[in-house]
Structure formats: C-alpha cells, structure tokens
Amino acid sequence: MALAAPATGQQTDSIPAGDWRSINRDLASTRFSPLDEINKSNVSNLVEAWSYPLRGFNTAVPVVVGGVMYFPAGSRVVAVNADTGAEIWSYEHPRPEGAAAGAGGVSGRGVSYWPGDGTLAPRIMAMAGSQMIALDAATGQPVAGFGQNGTIDVGVPYGGTPTIFRNVAVIGAATLENPIGVPGNPRAFDVRTGAKLWEFQTVPKAGEPYNETWGNGWKGRSGANMWAFAAPVDAERGLIYLPISGPAANYYGGDRPGTNLFANSIVAVDIETGEYKWHYQTVHHDLWDIDMPTAGALLNVTVNGRSEPAIAHAGKSSYFYLLDRETGEPLHPVDEVPVPVGDVPGEYYHPTQPIPRVTPALSRTTLTYDDIVTAEDTTPEHAAACRKMWDDAGGYLNYGPFTPFFFHRKGTPPRSTIQLPGGTGGVNWGGVAVDPQSGTVFANAQATSLVGWVERKETTESYSFDANDTNQAYDRASVNGKGPFFSFSAPVSGKYDENGRAVGAQAPCYRPPWGQLTAVDAATGQIKWQVPLGVIEELPEGKQLVGNSGSAGPTVTAGGLVFVGATNDKRFRAFDAGTGQQLWEAQLGNNANANPMSYRGQSGKQYVAINAGGTIVAYALR
C-alpha cells in the first residue's frame, strides 16, 4: 500500500532541519532527523567529537536550537556550544527551603524549548519536583515575568518535560502507587506567565462520563497518571495525546471493579482548553502494571487506499496499535480477545483485552516448560539454575497474554504465575521512532518477565518502593519475597553468594532473543525486519548476540539510519533502516539507557549524540 506524504506543518517542517527542539525533536514525537550528511555509506567513519559529564546519572535527551545544546545536570540547567561542548551558561536551581541535601534537582529527563511570541524572548523550561522553571534561552537567567522569579509551584510533582505548543505547557504528574492518594491529572500552564489553564480528570468523578467504570472505587483513586516524559501534539488539529498509565494499586483491583477509564489509555484533548475529544484504552482493568509510557508518534499513512492521519503506539504489552488521530479508532483491526481469569478473592477480571489482529507482539508473551533455556542456548550452569528456579517456584502458570497473578494462600505450596513481557517492558519509556517518508515505525522491545502470586497482606508493610501508605487487602509477592520486580532469570555462572545474590551477569531463563529492534510498516501493520539488540559478553563466544534489556528507544534519520543505545552492554549502534543490518558500533564508558538525537552545529556539521549514563557524548564524521 502506498504511503501518503509525510505529516506537514508545525509538526515537522517548521523546525529547522538542524534543530532538535524537544526530547522527541518535533511536536509529532517522531524522533526523525531530516539530516543526511551521516548516512549508510559513511556511518562507519563516525568518531567521538566531544563529551560533557553531567556530574551524576540521568537519562536526559538534549535539546538543540541554532547550534546551542541545552540539558539538565543535577541541580543545574546547562547550555553548551553544540560543536564543541564548551559551556555557554549554567543555571543552578536553589534547593527548596528546608529540603534535604540533594533534593530539588532538575528533572533528569530533559528540558523544553519555547521559541517566544515575537515580544517575549525564547525560553528554556524545566521541571524540578513540583516547580516549573522558565529561563532565558540566551542567558540562563530566570524569567522575571513567569510566576515568582521564574518559578511556579504546580502542586503534584512531575518528573518529565513540559510539552509546549503555542503558549501552552502541558505536564503530567508523578504519583505513588498507593490506591488512595493525590490525583494523576495532567495540567496545562501559560508559558508566558505561569498561570494555570486547565486540568484533565483521569479518574472521572461522580456524574462525569465513565465514572461507572470504577464501581465505587473512584473516590480518591491515585495512579492513572501521565508519567511519560512528553506527549505528541497534532499542530493542525490543536490536539495533544495524553498517555495515561495504570491505576493504583498495580496488582490488585478488587476495590475498583470495571474497565477503569481513563487508565491505560491514550486520551486526545484540546491543548488550549483540555476539552476531551476521544480515548483509546489498551488494557482493561490493569492488574499487571502495563503502564502507558508514551502515547506514540504521529504520521500520515495510506490504509486501504485512503490517506489517514495516524498515531502509532507500542507500549509495555509489546502490542502495536495504529489509531486514527481524529477519532481514536484503530486503522488495523483490533479484537477483544478472551483472556484467562484468576482466583484472587474479591478481584474483578475483565473477560477480554484488545489485541491487534495484524501485527504480532513485538516480544514474547507466552511461556511453557519447553521454552526454558538449555545448556546449548547459554551455559550448563545457567540452564541448571533456571530449572531449579522453576522447581522452587512450583512451576510458572502461563495461559497466554494477560495471564493474571493467581492467589497463593499462606502455608500452602508455591503457586507462581509468569507474566510476559513483565512490568518493565515490552516497549518502555523510550517509545517508538517514525520515518514519515517511508512510513516505518521503529521500536526497542524487551522480552522481560515478572513472576509471583497475589497474597493476602497481614501488615501494612510496603510491597513496593513506590507504595508507602496503603491498606489494600492483597498485593504481589513471590518465592523470592515481597516486592514488585522479581523475574525468571538466573546468573550465567549459576552461582549465588552467601546472601543469595547472583554472582556475575544474569540472563533470562527462556530462550532468546531477550531484546529486539523492530521495524513495522505502518501502512500494512507487517513487521519489515526484527534483529537482536545487545550482547551479553559473559556468555560463550558465538552465543552472545541474544539481546538484552533497556528502557530507551531508537532515533531515525534521513540518512537511512536507526541509532539506538538502550542496552546494558555499554554500546551505541547504528542500523540500516531498510534492512536491520548493523553498520556501526561505539564502545561507551557507561550504559546509554537514553534516546539518541541528531543535530547540526553552527559549523554546519551533523552530529549524533547520546547520554551515556550521565555523560553527553557527541559523534561526527572524521
């Protein structure tokens, strides 16, 4: 099927080709650079041009405007010459009065750029907990006309970057995983003054549409927040697409019976007013922590002979959805598929889940005993440790996608469930990148797992680092103890220390690949290519290219290249966007669990840059 012309207007073409104006480059969140100086024929000649240490770990994607790069660094916001890394200015955000040392740092996920309005000068916007900061882009000085001395208090904190369109800055909310707590509502503020413009209610109140989807569990309900680092904007239609995550608590929902709208949904609202337009829910009544880490990216495609404005989304379930961005209707068929039902007392289990018919899941969603690794797959020691783990857990129940965690009664033999992919992905906060010229969507999908059961809580003890004030009746645990993130993985060495901790690198206990870079043809929904992403060097020679985990995503350029870090092997790679063949690799000092970006310096030279565990590293042709 032929593709329509790429999206036009402010989403892509109004941005100078050499700029990268938000963490996802453009309003459409494509992460597509139109630069082609670096291309398939010469990418092997890329070398490090400069680096800048951030004095601490973060996952920020820099912003570049007119050859000046901006990024957060601990409690600072920094501007540097994008050709050399030489510092231009640095702003130190003061620690809030009475706050502990280290508190009050600028969000480590990035900053935002506002181009001004013809009267007011351009600004750099950033979050620091519950504070939104406005800085003069030329000097780094706080803007006097914004709130008080360049800062406003937004109430509920947010750890991402403001999404800016016209004079509106939209942010999400960083809530804990307590069932009752602060609301996760996205909010909007005037970039010029800091005045609040609107707030979208993610858990509808009594009398509001969809309130009935919560039973009697809506009041005071927390979670259902936008924790994603940014949101795509359709400039032509004035819509912003809000990715709303799952409700709290993550693994028990007996006190919130129903589908739980707008949780686990993409919600389209008018960016000027916050008025609801449509929603699409990807998980009904979430019991697996299948959050909505991004809403996706915008592009135009021709489906069945008709040009369609689309939004392409892939998330923690690994399922790929292509939606009409005017209506929210799927452009490729999605079926409500019957899914397994669990047995936790008082729990509500939704009988179906929306599963795409055309595009297969981008990572593993099922497991049987026959899928466990063998000595030939990894090492004899690893394979033996995996089988012991299976036996110790009493085996792992899995009846396909959306298998719930079954109930375990205290004092009875282990009865464990395995969820695939686990609560950390699939496609996590890195999201997708889109080439609007070819209509190809690229994603890094992890084949992670989550294991355990649901048990009755006997105390108010927290089962999660992110849930500290909950009296819910049930929560998730496993043979490994209380806690949210135990997986079916074992040390490659097969060894544990005296405290039961793995010795050396761990690897999943099911057959690889464990992480893949995938290209999907948006027009047809078919996978164009899929390759393992990442190596595990502790495995024997010839078995190392198995893919490994990382939550970041790729970036694509007009030079026919897909750049991606995202792996735990301290490498940065470039792939042929048409075939998936790896063309270039750089060894890094730290893991680059951040999205790459590309830009043009004032010299006219194209660069590719990535945040490698707290150091910005820029590459150019030698």
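**Reading the labels in a predicted model**

Visitor: Why is Arg-221 called buried?
Guide: In this predicted model, Arg-221 has a relative accessible area of 5%. Buried means under 20%, and because 5% falls under that limit, Arg-221 is called buried.

Visitor: How do you know that the side chains of Asp-255 and Arg-221 meet in a salt bridge?
Guide: The distance from N to O in this pair is 3.4 Å. A salt bridge requires a side-chain nitrogen of Lys or Arg within 4 Å of a carboxyl oxygen of Asp or Glu, and therefore the pair of Asp-255 and Arg-221 qualifies. The two residues belong to distant parts of the chain, 34 residues apart: Asp-255 sits in the loop between β16 and β17, while Arg-221 sits in the loop between β14 and β15.

Visitor: Why does the pair of Glu-458 and Lys-410 tie together parts of the chain?
Guide: Their side chains meet in a salt bridge at 3.2 Å, N to O. Glu-458 lies in the loop between β28 and β29, and Lys-410 in the loop between β24 and β25, so the pair ties together parts that are 48 residues apart in sequence.

Visitor: Why is Glu-458 called exposed, and why Lys-410?
Guide: Exposed means over 50%. Glu-458 has a relative accessible area of 59% and Lys-410 one of 66%, so each of them is called exposed.

Visitor: What are the labels of Arg-237 and Asp-234, and why?
Guide: Arg-237, with a relative accessible area of 27%, is partly exposed, because that value lies between the 20% and 50% limits. Asp-234, at 0%, is buried, because buried means under 20%. Their side chains meet in a salt bridge at 3.0 Å, N to O, and Asp-234 and Arg-237 also belong to a network of salt bridges that links them with Glu-236, Arg-325 and Glu-326. A search of the whole structure finds 26 salt bridges.

Visitor: Why do β3 and β6 stand at the edges of their sheet?
Guide: The open sheet of 4 strands runs in the order β3-β4-β5-β6, with antiparallel pairing. β3 and β6 each have a single partner strand, so one side of each is left without a neighbour in the sheet.

Visitor: How do you know that β5 and β6 pair?
Guide: Two strands count as paired if at least two bridges are found between them, and β5 and β6 share 5 bridges in the antiparallel sense, so they pass that test. In one example, the bridge partner of Ala-79 is Trp-89, in β6.

Visitor: What makes a space a cavity, and how many cavities of 30 Å³ or more does the structure hold?
Guide: In a cavity, a 1.4 Å probe fits but cannot get out, and the structure holds 7 of 30 Å³ or more. The largest cavity has a volume of about 160 Å³, and of the 18 residues that line the largest cavity, those closest to its centre include Asn-24, Arg-31 and Trp-429. The lining of the largest cavity has 10 nonpolar, 7 polar and 1 charged residues.

Notes
Residues are numbered from 1 along each chain as its sequence is written. This is a predicted model: local features need pLDDT of at least 70, side-chain atom pairs count only at pLDDT 80 or more; totals for chains, interfaces and linings use all residues. Side-chain values use heavy atoms; hydrogens and water are left out. On a 1 Å grid over the protein atoms alone, a cavity is a set of points where a 1.4 Å probe fits but cannot get out, and a pocket is an open set with protein on both sides within 12 Å along at least five of seven lines; lining residues have an atom within 4 Å of a point. Grid points are joined across faces, edges and corners, and a volume is the space filled by probe spheres set on the points. Ala, Val, Leu, Ile, Met, Phe, Trp, Tyr, Cys and Pro count as nonpolar, Asp, Glu, Lys and Arg as charged, and the others, Gly among them, as polar. Buried means under 20% relative accessible area, exposed over 50%, partly exposed in between (1.4 Å probe, protein chains only).
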